[in-house]
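Look at the model below, and keep it in view while reading. The paragraphs that follow take one part at a time.

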Amino acid sequence: MSLAATATMVLMLLLLAGFWIIQTGLLAGLQFTEQKVEVVGYLQTTATTNQIATLQAEIAAMPEVANVTYVDRDTALQRFRASMAAQGREDLTQYLDSNPLYGSLEVKLVDPTNFGRVGDALRADPIVRNVINIEDLVERVLTVTNVLRTAGTVVLLIVGIIVLFIIVNTIRLAVVARAEEIEIMRLVGASDAFIRWPFVFEGAMVGLFGSLLTLGILAAAADPISGFMADFFRVLPLQFGSLTRDLIALVLGAGVGLGVLGSWLSVRTYLIR
Amino acid sequence: MTIAPAPRQVRSIRSRVLGRNHDQAKPERPVLVLHDVTKQYPNGKLALREVDLIIPEGDFVFLVGPSGAGKSTLIKLLIRDELPTRGEVVLDGQDLAHLPRRQVPRMRRKIGIIFQDFKLLPTKTVWENVAFALEVTGTSRSQIRPAVDRVLALVGLTEQAEQVPSQLSGGEQQRTAIARALVHDPRLIIADEPTGNLDPLISWEIIQLLLRINELGVTVMMATHNAQVVTALRKRVVALEEGRVIRDEVGGAYHRED
């Protein structure tokens, strides 16, 4: 079975690994987008440092909240100027004699769908001027991300099934080529387990060898790819270490698993009589 | 020649040559009994109809009949490749129809089977091909070596032990197959057209070898079209036609003699 089956195994595992990497990147991107959803409460200019600190602690204590950042008025002005400069527009604030912006509490949520109670809690405090109504925005973002997430999973699943069929069929061809050997084994009274075992072992070996070859190719390709995707990884909440670990587990598991399954199913055809 | 059980003396020669004892085999019990066996294939074809057949230990039986008479189906029933639609196939006291699937390999080890096309593994040597029949049964290496050497000496292939099938003549390949069928010390040897691919002279050699094996006490059943051989040897002849046993006589010829 070796050469053709191993080559097919390598190509199919590369395909699977490629789609899995894309899927992981997609999920990380979606998570990143969802994290951008935050509840912002603008504060009255009269609010004292004490009051602000109390409210910040109160909000931070809520279970839905990931973290709360206080942005004071000067920081807000600097951010505004920076964003104007980044867009190449003229900074109009230099013509004003005082800072027109309000300080704010920026609340990041554990789950972006749970913004309601946090918004209410902010509104209830008199030092809060107003809370940006993020409901519409959140719903739109979540609709898009959910669709993409489902689509990604479906595509990965379809690719997985295609890979399964192609590998199982390649191994079947190899087993068919040895049908006479299986027949002779049956005629001299070999037990099913005795006949099956060398084929399953060979399937596992093809799977193992194919996975290692695939991982080798991926490792060789990792440098140019990660150079190309350095920015991508810097922005996204992805850990390269855990990604690599999962990928190794996926390729090895799929390779050996499909090798064994393919052989088992193929030999079974000849054993059932 | 009678169809009486093989005498004790024969059995002892056999155990000396094959190196094993068959004390557990009661001479009174026939090796094979077919009772009212009918086989209909899923496509509706009736391959065997109400076949009754008893083969005692030590017998030599020719199974004759035109193509499509049911010889191959009968052999498939004996090795439990097929199950009878009705009736019983009892091999060595065990009804094959009621044999659990897991027991089938064990039952097949009681049979040695020889085919027209030899069915040898092309990548293995003569010695390995014969040893294969013992390896699959889980026999230990120390027992395999003497058993294979002994059986190769019996069929006269000691010199060719290290050759692969493609280096052998047809007769030598068939003798390898006979050695393989014999090495695990079966109760019954089934030969399905063993001389079909061989020239007349070599065919006679193969027949002589099967006769010698039979003299050692092994029951032999041989399906053949070779009228000359059957008629010359005057052994028991079972003739099939359209799935029925139309003749079963000791000392018979290939064709009916009225």
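On helix α4 of chain A, the face turned away from the buried side carries A:Gly116, A:Asp120 and A:Ala124, which are exposed. This is a predicted model, and the description below rests on it throughout. Which residues of α4(A) are buried? In this helix, which spans residues 116–124, they are A:Val118, A:Ala121 and A:Leu122. These three lie on the same side of α4(A) because they cover an arc of only 100° around the axis. The buried residues of the helix pack against five elements of chain A: strands β1, β2 (65–71), β3 and β4, and helix α2 (49–60).

**The sheet of chain A**

Strand β1(A) can be followed through its pairings. Residues 38–43 make up this strand, and five bridges join it to strand β3 (residues 104–109) of chain A in an antiparallel arrangement. Within that pairing, A:Val40 has A:Glu106 as its bridge partner in β3(A). Strand β1(A) also pairs with strand β4 (residues 128–131) of chain A, over three bridges and again in the antiparallel sense. There, A:Tyr42 has A:Asn130 of β4(A) as its bridge partner.

Is A:Val40 buried, partly exposed or exposed? A residue needs 20 or more other C-beta atoms within 10 Å to count as buried, and 12 or fewer to count as exposed. A:Val40 has 16 C-beta neighbours inside 10 Å and therefore counts as partly exposed. Setting aside neighbours within four places in sequence, A:Val40 is in contact with A:Ser104, A:Glu106 and A:Ile132. The C-alpha atom of A:Val40 is separated by 8.9 Å from that of A:Lys108, although the two residues are 68 apart along the chain.

**Where the chains touch**

The next step is from chain A to chain B. In the contact between them, 11 residues of chain A meet 14 residues of chain B. Helix α6 (residues 179–187) of chain A gives the largest share of the chain A side, with five residues. By type, the chain A residues on this side divide into six nonpolar, two polar and three charged.

**The sheet of chain B**

Chain B holds eight helices and 10 strands. Of its 258 residues, 44% count as buried. Among contacts in chain B between residues at least 6 apart in sequence, 69% join residues at least 24 apart.

Six strands of chain B form an open sheet with mixed pairing, in the order β6-β7-β8-β3-β9-β10. At its edges are β6 (111–115) and β10 (244–249) of chain B, each of which pairs on one side only. The twist averages 15° from one strand to the next. Strands β3 (residues 60–64) and β9 (residues 236–241) of chain B run parallel and are joined by four bridges. In this pair, B:Val61 stands opposite B:Arg236 of β9(B). Helix α7 (residues 200–215) of chain B packs on the sheet, where it touches β3, β7 (188–192) and β8 (219–223) of chain B. The direction of α7(B) makes about 150° with that of β8(B).

**The nonpolar cores**

In soluble globular proteins, nonpolar side chains tend to be buried together. Which residues touch the most other members of the largest nonpolar core? Among its 95 residues, they are B:Leu63, B:Val130, B:Val151 and B:Ile189. Not counting residues up to four places away in sequence, B:Leu63 touches B:Lys71, B:Leu74, B:Met221, B:Met222, B:Ala223, B:Val238 and B:Leu240. Another core, of 14 residues, lies apart from the largest one and includes A:Leu55, A:Val68, A:Val107 and A:Phe115.

Terms used: Residues numbered from 1 in each chain as written. Chains lettered and ligands numbered in written order. Predicted model: local features only at pLDDT ≥ 70, side-chain atom pairs only at ≥ 80, totals over all residues. Pairing = 2+ DSSP bridges. Helix = DSSP H or I, 4+ residues; strand = E, 2+ residues; numbered from the N terminus. Axes fitted to C-alpha atoms, helices over the stretch in contact; angles between N-to-C directions. Contact = placed C-beta atoms within 7 Å. Nonpolar A, V, L, I, M, F, W, Y, C, P; charged D, E, K, R; others polar. Core = buried A, V, L, I, M, F, W, Y, C linked by C-beta atoms within 7 Å. Arc of directions from axis to C-beta.
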